[in-house]
Number of protein chains: 2
Amino acid sequence: MKIKQNIKIAVDAIVFGYQENQLFVLLIKQKYGDLKNQWALPGGFVKDDEPLKKAVVRELKEETGVKVTTMEQLYTFGDDLKRDPRLRVISVAYFGTVNPKELKLNAGTDAEEAKWFPLENIPKLAFDHKKIIQKAFERLKAKLNYQPIGFDLLDSKFPFSDLENLYTTILQKPIDRRNFRKKILSFDFIAETDEYRKVGSGRPGKLYVFKNKRYNDLLKQGISFEIKFA
Amino acid sequence: MKIKQNIKIAVDAIVFGYQENQLFVLLIKQKYGDLKNQWALPGGFVKDDEPLKKAVVRELKEETGVKVTTMEQLYTFGDDLKRDPRLRVISVAYFGTVNPKELKLNAGTDAEEAKWFPLENIPKLAFDHKKIIQKAFERLKAKLNYQPIGFDLLDSKFPFSDLENLYTTILQKPIDRRNFRKKILSFDFIAETDEYRKVGSGRPGKLYVFKNKRYNDLLKQGISFEIKFA
DNA sequence: ATATATTGCGTATATATTACACAATATGAA
DNA sequence: TTCATATTGTGTAATATATACGCAATATAT
């Protein structure tokens, strides 16, 4: 069976990190080709005998040194025929979240450099990658309404305010602290420890941990967050 | 720039129809090749100079005679290397909804036959198409929670019970009629007419129409349906 | 006329959301 | 050491939303 078709298929990875009240995106600087030295999302062509999911995990590892296995399919970009000016490429984008503290970047042999960029300050990117990041962020934001978040992004022990700041950062609006706390605690996916963390001045905050099982159950079954109290 | 990659890319269409308290899926019987006479989703290979969205619209037209332009990207199936036993094919699935009453099917030259099948009674399908339909139905179900539905599925004038039955059919559980009505009317996306429809016995129902602008606004901005009252 | 099917409709109760402010505990500077 | 400043921790009342629930009205079929 012969099909005449000259389209290539690639995967791209949007990895969000969170640190000090800011969201970051992992980017690489291209090493070869026409686009040398341009910043872009990690990604590359899919191998003939490789599932899409594995392709994106592999590319991430090769180009950034980051090992993330839980990547969610975001969208397939294939309407703009010239999104890659060199040839027709359809890209399946995946996104995921990590705690940058727990990783060290390593551009390896495939990229010139791998670096975290604040979402608010993304450089000029190759292809339609800016649009892809935009879409990924919208999805992340939408997910707050129906899934718990934080496990992959925060330290394993964290003050309550970290979780609160994560939400306000992503939602880009303030939240009533008392109502937020009440709501989160009612979901029962985090638990107090008896440790405290002091950060600069101010009363030290009690540290919390994620309740693993409950958190994962809620990921699957979904929650209804509905934060209107801005 | 030469990339060695031998993967083909296809699109598949899941079109849902609704009639008499049943959801239907549009299928075609293959005309050529190894899979001749097997039922499958409408779809086919993407042309080199064709956006994905156009490819799925074209294939639908060619294989079923149905002209649907609002197709939403569902998911890209590319993890199972042998989903097409003949060669590596990655399929981008799109789904949409139509009112079967307003269409006549026409298999054209590309398919042997095009036919509506009740979702509850899908025949053996080629490839992983059963899985794809399953995923599309889950998405449709999920969408009830955050978008209005019915405009594409129901007659332009419809009794309230049609909308109610559409919801119960998709959600596969009963709904309290009074609370449902209250909720729907509060969204303000349908309006009364002064016409009535009598169907067999029983009191005739007042006919409603969709408020176009409001409906579309709600599609974009989203609603919160949250039907717990089963 | 009577049985049967379907539509149309309101209220009381429970639950969830929202608005809102002050005391407790730490650090840093005078 | 005291005072200013920063941050955490907490409860209640008002309002809005969700839920449970049953009967009369209007048609057809016999």
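Visitor: How many salt bridges does a search of the whole structure find over all chains?

Guide: Side chains of opposite charge can pair when their charged atoms come close. The term here requires a side-chain nitrogen of Lys or Arg within 4 Å of a carboxyl oxygen of Asp or Glu. By that rule, the search over all chains returns 30 salt bridges. Please note that this is a predicted model, in which local features need pLDDT of at least 70 and side-chain atom pairs count only at pLDDT 80 or more, whereas totals for chains, interfaces and linings use all residues. Residues are numbered from 1 along each chain as its sequence is written, chains are lettered from A and ligands numbered from 1 in the order in which they are written, and side-chain values use heavy atoms, with hydrogens and water left out.

Visitor: Which parts does the salt bridge of Arg83(A) and Asp128(A) tie together?

Guide: The side chains of Arg83(A) and Asp128(A) meet at 2.8 Å, N to O. Arg83(A) belongs to the loop between strand S5 (72-77) and strand S6 (89-98) of chain A, and Asp128(A) to the loop between strand S7 (111-118) and H2 of chain A, so the pair ties together parts that are 45 residues apart in sequence. Helices (H or I, at least four residues) and strands (E, at least two) are DSSP runs, numbered from the N terminus.

Visitor: How is an interface read, and what area do chain B and chain A bury between them?

Guide: The size of an interface is often given as the accessible area lost when the parts come together. Buried area is taken with a 1.4 Å probe and summed over both parts. Chain B and chain A bury about 2,800 Å² between them, with 55% of it on carbon and sulfur atoms. Gln5(B), Asp48(B) and Asp79(B) supply 21% of the area that chain B buries against chain A, more than any other three residues. In terms of contact (heavy atoms within 4.5 Å), 29 residues of chain B meet 29 residues of chain A.

Visitor: Which polar interactions and which elements belong to this interface?

Guide: The count between chain B and chain A is 0 salt bridges. The rule does find 21 residue pairs in polar contact, both residues being at pLDDT 80 or more. A polar contact is a pair of N or O atoms within 3.5 Å; within protein, one must be able to donate a hydrogen and the other to accept it, and residues adjacent in sequence count only if both atoms are side-chain atoms. On the side of chain B that touches chain A, two or more residues each come from strand S1 (8-19), helix H1 (52-64), strand S5 (72-77) and strand S6 (89-98) of chain B. The largest share, 3 residues, comes from S5(B).

Visitor: Within chain A, how far apart do the C-alpha centres of domain 1 and domain 2 lie?

Guide: Domain bounds come from an automatic or database domain assignment. For chain A it gives domain 1 (8-143) and domain 2 (158-221), and their C-alpha centres lie 29 Å apart. In contact are 8 residues of domain 1 of chain A and 7 residues of domain 2 of chain A. The area buried between these domains is about 640 Å², of which carbon and sulfur atoms give 62%. Tyr18(A), Asn21(A) and Lys141(A) lose the most area in domain 1 of chain A, together 63% of what that side buries. Between the two domains there are 0 salt bridges and 3 residue pairs in polar contact.

Visitor: What order do the strands of the open sheet in chain A have?

Guide: Strands of a sheet pair through backbone hydrogen bonds, either parallel or antiparallel. Two strands pair if DSSP finds at least two bridges between them. The open sheet of 3 strands in chain A has the order S8-S10-S9, with antiparallel pairing. Strand S8 (158-159) and strand S9 (190-197) of chain A stand at the edges with a single partner strand each, so one side of each is left without a neighbour in the sheet. S8(A) pairs with strand S10 (residues 205-210) of chain A over 2 bridges, and Phe158(A) stands opposite Tyr208(A) in S10(A).

Notes:
Buried area is the accessible area (1.4 Å probe) that two parts lose on being put together, summed over both.
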